[in-house]
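This report is meant to be read with the sequence and the 3D structure in view. Please look through both before going on.

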There are 2 protein chains.
Amino acid sequence: MSEAREAGAAPAGAVVVDDTLRRFAAAVFARAGMSAAHAETVADALVWANLRGIDSHGVTRIPRYLEMIDVGDLDPRPALVVRVETPASVLIEADRAAGPVAMTFAMGSAVRKAKAVGVGLALVRATTHTAALGYYTLTAAHDGMAAIALAGSVPMMAYHGARAAGVSTSPISIAVPGGARGPLVLDMATSIVSMGKLIRARQIGGAIPEGWALDDHGHPTTDARTAAIPLPVGGPKGSGLSLMIECLTSLMVANPILAEALSGTAEGHRHKQNGLALAIDVARFCDPASFRDQVDRLIATLKALPRAHDDVEILMPGERARRTLEQRSRNGIPLPRSVMDELGAVAARLGVAMFSASARA
Amino acid sequence: MSEAREAGAAPAGAVVVDDTLRRFAAAVFARAGMSAAHAETVADALVWANLRGIDSHGVTRIPRYLEMIDVGDLDPRPALVVRVETPASVLIEADRAAGPVAMTFAMGSAVRKAKAVGVGLALVRATTHTAALGYYTLTAAHDGMAAIALAGSVPMMAYHGARAAGVSTSPISIAVPGGARGPLVLDMATSIVSMGKLIRARQIGGAIPEGWALDDHGHPTTDARTAAIPLPVGGPKGSGLSLMIECLTSLMVANPILAEALSGTAEGHRHKQNGLALAIDVARFCDPASFRDQVDRLIATLKALPRAHDDVEILMPGERARRTLEQRSRNGIPLPRSVMDELGAVAARLGVAMFSASARA
């Protein structure tokens with residue numbers, strides 16, 4: 001974000017139909033060297049996040065993904081290989097594939113294994129930014145699975161007791177099939193607030209609540225402009241979860257991220273992530289129709305609880321995102337001027353036609 | 001806790017050798033109807049918690065476990081049956097077995113499956129209080145596994161946005177094998193503070209931090225005496241995790257707890273828990289010696305981070321508990337007078353010899 005853009009009167013953004021944005025993103029990634037199928041997968045994962053209001057994991061990532069391709073951290077033509085395979089599991093060498101390509105393949109493998117033997121595990125070695133994990137767990141939930149996805153990434157969150165980044169804001173997503181009220185999908189960072197939210201707060205300025213972040217020197221701050229290092233949710237709980245996720249993903253696939261980065265090795269400076277996808281076939285353990293009914297019943301029961309205040313609503317994991325999805329599927333995805341500018345520059349550089357920013361009626 | 005006991009000058013407690021306490025607890029459970037093997041398993045799980053300083057999950061639970069037997073909520077002679085079995089999974093009908101009996105069987109099954117096919121899942125239907133989940137994950141870690149354990153229980157924690165208990169403080173435990181520095185074992189409630197800690201604070205009185213709890217009317221309180229309902233860690237994150245745990249455990253085994261309890265059904269008033277144990281065989285996916293070295297390296301790297309203050313220590317999940325274990329294995333387990341009294345009453349009622357409270361030298 002340039003200072004000038006922030007300081008000046010912000011020009012209005014645009015509203016874009018999801019199909020238009022998806023086609024544009026796919027064209028960009030294809031031009032950057034990906035196969036049509038891989039380009040479409042990455043485009044779909046990013047636009048999915050925009051549709052659900054998780055804009056930090058949407059098309060705003062396109063310039064960064066291209067930069068990763070330029071420097072060789074993301075291989076647009078990866079040789080994805082299954083290194084280990086058992087009746088219940090796979091270990092996938094992702095060869096620096098785009099995260100959505102590797103994680104989609106992984107969750108698909110986990111679901112296939114789960115359909116065969118009840119539970120399926122896929123470990124992913126050496127992928128890149130895994131995007132919004134809910135994309136994969138929700139897909140599995142639509143396929144009748146309870147699903148879990150985890151990702152290990154670079155140190156950017158304070159480890160409890162330290163005044164420096166020691167662990168990642170490692171996300172956790174869990175989804176289960178639902179009934180009339182739809183599936184439940186939790187998708188959370190292990191930090192109190194996500195890095196994306198912190199960066200936005202930093203751009204806007206003002207005060208942030210105590211306990212959100214440290215500044216560059218590792219001191220607690222409530223000044224958004226100086227917020228640099230997010231703090232873990234629940235202190236040792238959040239940083240403990242994140243540490244265990246590094247063990248379950250990165251160490252399990254012999255591709256450590258945290259220790260390499262913190263030791264300042266050459267390998268530690270390269271962008272990479274590792275992932276885990278787990279699927280459990282609901283139909284193997286109970287009647288799936290009853291399960292869906294019980295999810296509905298549980299939702300109804302929780303929503304009927306007395307509310308903390310008159311102006312709060314009791315929301316289920318993924319509920320707000322689904323509302324945004326419905327609204328944006330109808331009315332289009334709003335993109336700030338700054339994102340439009342960045343995508344325009346990408347289009348010009350790669351010779352891809354820039355999309356027109358007109359929303360559906 | 002009687003008022004008199006709190007108000008009077010607290011008599012000194014006792015210090016007990018772990019073996020003595022284990023034998024006593026096993027004798028009590030055997031007298032209450034359990035097989036010798038089951039009684040020893042339950043005794044071992046409780047004393048394990050005491051040894052590690054998790055006293056809320058230690059022998060202080062004995063009177064409550066006996067009460068559950070008396071009212072028929074805990075069956076001391078359960079017919080544990082494997083209802084579903086695949087090459088990678090089992091569903092165990094626990095038939096109201098003591099939690100440690102069911103969960104030990106479950107994690108053992110998960111480990112056996114993982115050794116065969118890389119990953120093993122055990123779902124547990126209708127057990128009772130699952131005790132400290134770290135007991136099961138750590139056992140699996142000592143067997144070369146990365147392990148996860150979850151438990152679904154009665155509503156006692158506020159669901160985010162509600163001013164009433166809607167979900168459990170459902171625990172999550174994750175453990176991995178370690179090297180010279182030992183395994184990592186995370187064992188956390190999804191509340192900011194555990195119910196046990198809240199109950200202790202309530203007994204002592206004074207102020208508690210904002211955000212810990214609601215009072216009986218569902219209003220936020222900082223007065224420990226009125227603290228009744230723990231709040232979820234990270235608001236929607238903690239209550240979302242807990243909700244998903246109910247789905248992964250209770251709904252998966254067709255034994256809903258939350259909706260039954262919140263609807264006030266007869267079944268909803270009975271004590272019960274459901275559980276999940278997952279094991280991943282490290283050796284199947286990477287060199288286990290390298291994995292252990294990398295865990296050590298990661299610990300060393302995190303401990304070398306600059307500390308938040310001079311007087312804090314950067315601790316790993318389970319590290320404080322292991323220190324307590326070493327200390328209490330040597331010097332004995334301290335038991336407050338109130339617990340000694342309760343155990344004395346149990347001993348007298350069941351005709352079991354009360355242990356002598358002399359510590360090792």
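The sections below take up the model, the relation of the chains, their contact, and the sheet of each chain.

## The model and its numbering

This is a predicted model, in which local features need pLDDT of at least 70 and side-chain atom pairs count only at pLDDT 80 or more, while totals for chains, interfaces and linings use all residues. Residues are numbered from 1 along each chain as its sequence is written, and chains are lettered from A and ligands numbered from 1 in the order in which they are written.

Helices (H or I, at least four residues) and strands (E, at least two) are DSSP runs, numbered from the N terminus.

## How the two chains are related

Two copies of a chain are related by a rotation about an axis and a shift along it.

## The contact between the chains

Two residues are in contact if their C-beta atoms, placed from the backbone, lie within 7 Å. By that rule, 66 residues of chain B are in contact with 66 residues of chain A. On the side of chain B that touches chain A, helix α8 (residues 236-251) of chain B gives the largest share, nine residues. That side has 47 nonpolar, twelve polar and seven charged residues. Ala, Val, Leu, Ile, Met, Phe, Trp, Tyr, Cys and Pro count as nonpolar, Asp, Glu, Lys and Arg as charged, and the others, Gly among them, as polar.

One helix pair spans the two chains: the axes of helix α8 (residues 236-251) of chain A and helix α11 (residues 288-303) of chain B come within 11 Å and cross at roughly 145°. Axes are lines fitted to C-alpha atoms, for helices over the stretch in contact, and angles run from 0 to 180 degrees between N-to-C directions. In this contact, α8(A) supplies A:Glu246, A:Cys247 and A:Leu251, and α11(B) supplies B:Phe291, B:Gln294, B:Val295 and B:Leu298. Five of the residues in the contact of α8(A) with α11(B) are nonpolar, one is polar and one is charged.

## The sheet of chain A

In chain A, seven strands form an open sheet of mixed pairing, in the order β2-β3-β4-β13-β5-β8-β9. Strands pair if DSSP finds at least two bridges between them. β2 (81-86) and β9 (182-189) of chain A are at the edges with a single partner strand each, so one side of each has no neighbour in the sheet. From one strand to the next, the twist averages 10°.

A:Val82 has A:Ile92 in β3(A) as its bridge partner. Further along the sheet, four bridges join the antiparallel strands β5(A) and β8(A), and A:Ala149 stands opposite A:Ser173 in β8(A). A:Ser173 also stands opposite A:Asp187 in β9(A). β8(A) and β9(A) are antiparallel with seven bridges, and a hairpin joins them through two residues.

How many of the nine residues of β8(A) are buried? Eight are, so β8(A) is largely enclosed by the rest of the structure. A residue is buried if 20 or more other C-beta atoms lie within 10 Å of its own, exposed if 12 or fewer, and partly exposed in between, with C-beta atoms placed from the backbone.

Helix α5 (residues 99-117) of chain A lies across β3, β4 (119-127), β5 (145-152) and β13 (273-281) of chain A, at about 160° to β4(A). Helix α6 (residues 134-142) of chain A also packs on the sheet, where it touches β5, β8 (171-179), β9 and β13 of chain A and makes about 25° with the direction of β8(A).

## The sheet of chain B

Chain B has an open sheet of seven strands in the order β2-β3-β4-β13-β5-β8-β9, with mixed pairing. Its edge strands, β2 (81-86) and β9 (182-189) of chain B, each pair on one side only.

Strand β4 (residues 119-127) of chain B is mostly covered, with nine of its nine residues buried. Five bridges pair strand β3 (residues 89-93) of chain B with β4(B) in the parallel sense, and B:Ile92 stands opposite B:Val124 in β4(B).
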